[in-house]
Amino acid sequence: MKKNLAIFMITLLPSCAAYDAYFMAKFDQNEYQLINDIRSLAQISSEFCSNQQQMVPIVDRIYLKSIEFKNYAEFIPENKASIKLSESLIDLTEPLHVRYHKTEKISEAYCKQKMDILKNAATVIAQTIGSKPR
């Protein structure tokens, strides 16, 4: 009986691996989640652009998420596309972060335009990540 159970378990393991390989996501779910967070924050933040005090923590969070995305992508083998995309995202978020931490007033139009640019960039990056093979 133990022998039959062992043989059954041994034959079952390869089928589990084949099942996982067939049904698992074809992209890196962590990268996708990070860029989706950035996209979502940019998408909802436009309604707060009239209040600079409310925007500071949102901009900080977007900047932090873009750094997390860059740091996550950095050492994954054969991940040059994501690294390049993450660097371009930092190029968009860092100046915004710096500007919101200065004392000057930031116009609502500038804020909305930047959030729209970030949302569009994050959408393109999400589409790219979602379509690349693992």
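S45 is buried, its relative accessible area being 0%, where buried means under 20% relative accessible area with a 1.4 Å probe and protein chains only. This residue sits in helix α2, and its side chain reaches the backbone oxygen of A42 at 3.2 Å. Apart from neighbours within four places in sequence, S45 is in contact with M55, I58 and M115, contact being heavy atoms within 4.5 Å.

The model is predicted, so local features need pLDDT of at least 70 and side-chain atom pairs count only at pLDDT 80 or more, whereas totals for chains, interfaces and linings use all residues. Residues are numbered from 1 along each chain as its sequence is written, and side-chain values use heavy atoms, with hydrogens and water left out.

Helix α3 covers residues 52–74, helices being DSSP runs of H or I with at least four residues, numbered from the N terminus. Its buried residues include M55, I58, V59, I62 and F69, and what covers the buried residues of α3 includes α2 (29–45), α4 (80–100) and α5 (108–131). Where α3 meets α5, M55, V59, I62 and F69 face C111, M115, L118, I125 and I129 by contact.

The axes of α3 and α5 are 13 Å apart, at an angle of about 25 degrees. That makes α3 roughly parallel to α5, a description used for angles under 35 degrees.

| Side chain | Backbone atom | Distance |
|---|---|---|
| S45 | oxygen of A42 | 3.2 Å |
| N51, oxygen | nitrogen of Q53 | 3.1 Å |

Methods
Helices (H or I, at least four residues) and strands (E, at least two) are DSSP runs, numbered from the N terminus. The expected span of a helix is 1.5 Å times one less than its number of residues. Buried means under 20% relative accessible area, exposed over 50%, partly exposed in between (1.4 Å probe, protein chains only). A polar contact is a pair of N or O atoms within 3.5 Å; within protein, one must be able to donate a hydrogen and the other to accept it, and residues adjacent in sequence count only if both atoms are side-chain atoms. Axes are lines fitted to C-alpha atoms, for helices over the stretch in contact, and angles run from 0 to 180 degrees between N-to-C directions. Angles under 35 degrees count as roughly parallel, over 145 as roughly antiparallel, 65 to 115 as roughly perpendicular and the rest as oblique.
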